[in-house]
Amino acid sequence: MIDYLAAQNELKTLRDFLRWSTSRFIEAGLFYGHGNEDAFNEASQLILSTLSLPVNELPEPFLDARLTTAEKKSFLLLVEKRIEQRIPLPYLTHEAWFAGLPFYVDERVLIPRSPFAELIEAEFQPWLKEPESVTKILDLCTGSGCIAIALAMAFEQAEVDAVDISHDALAVADINIAKHHLQDQVRAIQSDCWDNIEPVQQYDLLICNPPYVGAEEMARLPSEYHHEPVSALEAGDNGLALVEQILLRAADYMTDKGLLFVEVGNSDLAVDEKWPEMPFLWLDFDQGGHGIFMLDKSQCKTFQQRYR
């Protein structure tokens, strides 16, 4: 049992609280899959955010500065929630980073962590031959809008449609679109997959990070994941139900040179097993991550013909 009142009375400086919380996080056996690698980085980001200090690096001049009573109480309350309730850090600080950009997040959306960040920073090269020619981009299952916004930053000449079935998720996406001043470039659209998107819309780049976790994998996830919206994580048919909907109609929305990129994470083997005839191109990542495939328009047409 952690004595938070004793910690409040005995600990004084930022350095004290950083050491103490790191130890408590290690003892609690927390899971760090939502932005940090270990207990020290988790504790650092939490205390710096609480103190309204930059979270990118420890501020050496302030390490031995004393916390006020109010600051102590605020920080210890968050530590207690992180340990006792296993709430992921970004939900406590309401901030997550993706592709080098900060985003507002809360329990209405998944916490950004996709390897799409690496592809966006590389402008999808070498597969996308002329990045400057991209004028229309679709981000299906946008959630917090982080992928759509990062795409808009990378492709400044392009209009980006950010689509999600969830009104709650789109409310968060709108917060982030306004945060990054992209209201004229990024449009949030409520739609159950393709339902509210007109086929006359033709996109050069289609990106999708849909729910793809199967029931068995869902049951094995660490407690931290169960604070995220289940509808944004879990999908039927061993995680492939929505992926199939996307593939069945993607060709209708693609320009002749359009490319489709879909993230399926650990369901990559299930994809190959269900559609063994399809030439999915599975991408490799230097910064970690897996489970994203690419198809061009002709390949998406082939999928339609075989499986519709």
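1. A search of the whole structure finds 12 aromatic pairs. Rings of Phe, Tyr and Trp (for Trp, the six-membered ring) pair if their centres lie within 6.5 Å; planes under 30 degrees apart count as stacked, over 60 as edge-to-face and the rest as tilted. F124 and F261 form a tilted pair, 4.8 Å centre to centre with 50° between the planes. This pair links distant parts of the chain, 137 residues apart: F124 sits in the loop between α6 (116-121) and β3 (136-140), and F261 in strand β7 (residues 254-263). Helices (H or I, at least four residues) and strands (E, at least two) are DSSP runs, numbered from the N terminus. Both F124 and F261 are buried, where buried means under 20% relative accessible area, exposed over 50% and partly exposed in between (1.4 Å probe, protein chains only).

2. On the basis of the note: this is a predicted model, in which local features need pLDDT of at least 70 and side-chain atom pairs count only at pLDDT 80 or more, while totals for chains, interfaces and linings use all residues. Residues are numbered from 1 along each chain as its sequence is written, and side-chain values use heavy atoms, with hydrogens and water left out.

3. Ring pairs also link W275, F280, W282, F293, F303 and Y307 into a cluster.

4. Most residues other than glycine have a negative phi, and most peptide bonds are trans.

5. How do helix α2 (residues 14-28) and helix α3 (residues 39-50) cross, and at what angle? Their axes come within 8 Å and cross at roughly 135°, which makes α2 oblique to α3. Axes are lines fitted to C-alpha atoms, for helices over the stretch in contact, and angles run from 0 to 180 degrees between N-to-C directions. Angles under 35 degrees count as roughly parallel, over 145 as roughly antiparallel, 65 to 115 as roughly perpendicular and the rest as oblique. The crossing of α2 past α3 is right-handed; a crossing is right-handed if the near helix is turned clockwise from the far one by less than a right angle, and left-handed if anticlockwise.

6. Which residues make the contact of α2 with α3? On the α2 side they are L14, F17, L18, S21, T22, F25 and I26, and on the α3 side A39, F40, E42, A43, S44, L46, I47 and L48. Contact means heavy atoms within 4.5 Å. By class, this contact has 11 nonpolar, three polar and one charged residues. Ala, Val, Leu, Ile, Met, Phe, Trp, Tyr, Cys and Pro count as nonpolar, Asp, Glu, Lys and Arg as charged, and the others, Gly among them, as polar.

7. α2 also packs with helix α4 (residues 69-84), at an angle of about 15° and with the axes 11 Å apart. That makes α2 roughly parallel to α4, and α2 passes α4 in a right-handed crossing. From α2, F17, W20, S21, R24, F25 and A28 meet K72, F75, L76, V79, R82 and I83 of α4. By class, the contact of α2 with α4 has eight nonpolar, one polar and three charged residues.

8. Helix α7 (residues 146-154) is largely enclosed by the rest of the structure, because seven of its nine residues are buried. These are C146, I147, A148, I149, A150, L151 and A152.

9. S52, at about 55°, lies in the loop between α3 and α4 and is exposed, with a relative accessible area of 67%. H94, at about 60°, is in the loop between α5 (89-93) and β1 (96-98) and is partly exposed, with a relative accessible area of 33%.

10. E224, in the loop between α9 (215-220) and α10 (236-239), counts as buried at 1% relative accessibility. Not counting residues up to four places away in sequence, E224 touches L30, F31, H34, R82, R86 and P88. Of these, R82 is also one of the α4 residues that meet α2.

11. G239 lies in helix α10 and is buried, with a relative accessible area of 0%. Leaving aside neighbours within four places in sequence, G239 is in contact with P211, Y212, V213, G214 and S267. G239 and F155 are 84 residues apart in sequence and 31 Å apart in space, C-alpha to C-alpha.
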